[in-house]
Amino acid sequence: GQVKKERRLIELNTLEQACNVYKEAVVQRKRCYTQVRDGSPSPRIFAMVVDPASGELSNLNFDPDTAMNGKLRQLYEVYDVEDAKKSYNDVQ
């Protein structure tokens, strides 16, 4: 009942906050830079919650590709990999 609803609300809030972190310009820049430099974007964003009653840590499997719909996702993909290659001196 009520406890289940509260836990789901906490999970949804945590997923939304993971989206907010992902959307930050500093995170987007770093992910673009590491994609160009290393071939894999970093940092990775995780959404996790702790159940205080049991101490259990749950990974909510945050995936920005599915967490944001296509229109919203396009708004936050502000750094283009090809443009990044031109602007980073230490990347070929």
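Start at the second largest pocket, which has a volume of about 230 Å³. This volume is the space filled by probe spheres set on grid points, and the points are joined across faces, edges and corners. A pocket is found on a 1 Å grid over the protein atoms alone: it is an open set of points with protein on both sides within 12 Å along at least five of seven lines. A residue counts as lining when it has an atom within 4 Å of a point. Rolling a probe the size of a water molecule over the atoms shows where empty space is left.

Before you go on, note that this is a predicted model: local features need pLDDT of at least 70, side-chain atom pairs count only at pLDDT 80 or more, and totals for chains, interfaces and linings use all residues. Residues are numbered from 1 along each chain as its sequence is written, and side-chain values use heavy atoms, with hydrogens and water left out.

**Stop 1: the pocket lining**

Select Val3, Glu6, Arg7, Ile10, Glu11, Val49, Val50, Asp51, Pro52, Glu56 and Ser58; they line the second largest pocket. Helix H1 (2-23), S1 and strand S2 (56-59) are the elements that give two or more residues to this lining. Helices (H or I, at least four residues) and strands (E, at least two) are DSSP runs, numbered from the N terminus. Which element gives the most to the lining? H1 does, with five residues.

Now colour the lining by class. There are five nonpolar, one polar and five charged residues. Here Ala, Val, Leu, Ile, Met, Phe, Trp, Tyr, Cys and Pro count as nonpolar, Asp, Glu, Lys and Arg as charged, and the others, Gly among them, as polar.

**Stop 2: salt bridges**

A salt bridge is a side-chain nitrogen of Lys or Arg within 4 Å of a carboxyl oxygen of Asp or Glu. By this rule the count comes to three salt bridges.

Select arginine 7 and aspartate 51. Their side chains meet in a salt bridge, 3.3 Å from N to O. This pair links distant parts of the chain: arginine 7 is in helix H1, aspartate 51 is in strand S1, and they are 44 residues apart. Arginine 7 is partly exposed, with a relative accessible area of 44%. Buried means under 20% relative accessible area, exposed means over 50%, and partly exposed is in between (1.4 Å probe, protein chains only).

Next, pick glutamate 11 and arginine 8. Their closest N and O atoms are 3.2 Å apart in a salt bridge. Both residues lie in helix H1, three residues apart, about one turn of the helix. Glutamate 11 is partly exposed at 25%, and arginine 8 is partly exposed at 44%.

Then select arginine 37 and aspartate 38. Their side chains form a salt bridge of 2.8 Å, N to O. Arginine 37 counts as partly exposed, at 39% relative accessibility.

**Stop 3: a nonpolar patch**

Show the surface and select Phe46, Met48, Val50 and Leu57. They make a nonpolar surface patch of about 400 Å². Patches are made of residues with over 30% relative accessible area and no salt bridge; like charges are joined within 9 Å, and nonpolar side chains (Val, Leu, Ile, Met, Phe, Trp, Tyr) within 5 Å. Accessible areas come from the Shrake-Rupley method with a 1.4 Å probe; for residues, only the protein chains shown count as cover.

Zoom in on valine 50. Its place is strand S1 (residues 48-51). Is valine 50 buried or exposed? Valine 50 is exposed, with a relative accessible area of 54%.

**Stop 4: two backbone spots**

Go to serine 42 and proline 43. A cis peptide bond joins them, with omega about 10°. Proline 43 sits in the loop between helix H2 (25-38) and S1.

Move on to asparagine 61. Its phi is positive, about 55°, although asparagine 61 is not a glycine. Asparagine 61 lies in the loop between S2 and helix H3 (64-67). At 60% relative accessibility, asparagine 61 counts as exposed.

**Stop 5: inside, then zoom out**

Select valine 27, in helix H2. Valine 27 is buried, at 12% relative accessibility.

Finally, view the whole protein chain. Its secondary structure comes to five helices and two strands, in the pattern α-α-β-β-α-α-α along the sequence. Of the 92 residues in the chain, 24% are buried.

Conventions: On a 1 Å grid over the protein atoms alone, a cavity is a set of points where a 1.4 Å probe fits but cannot get out, and a pocket is an open set with protein on both sides within 12 Å along at least five of seven lines; lining residues have an atom within 4 Å of a point.
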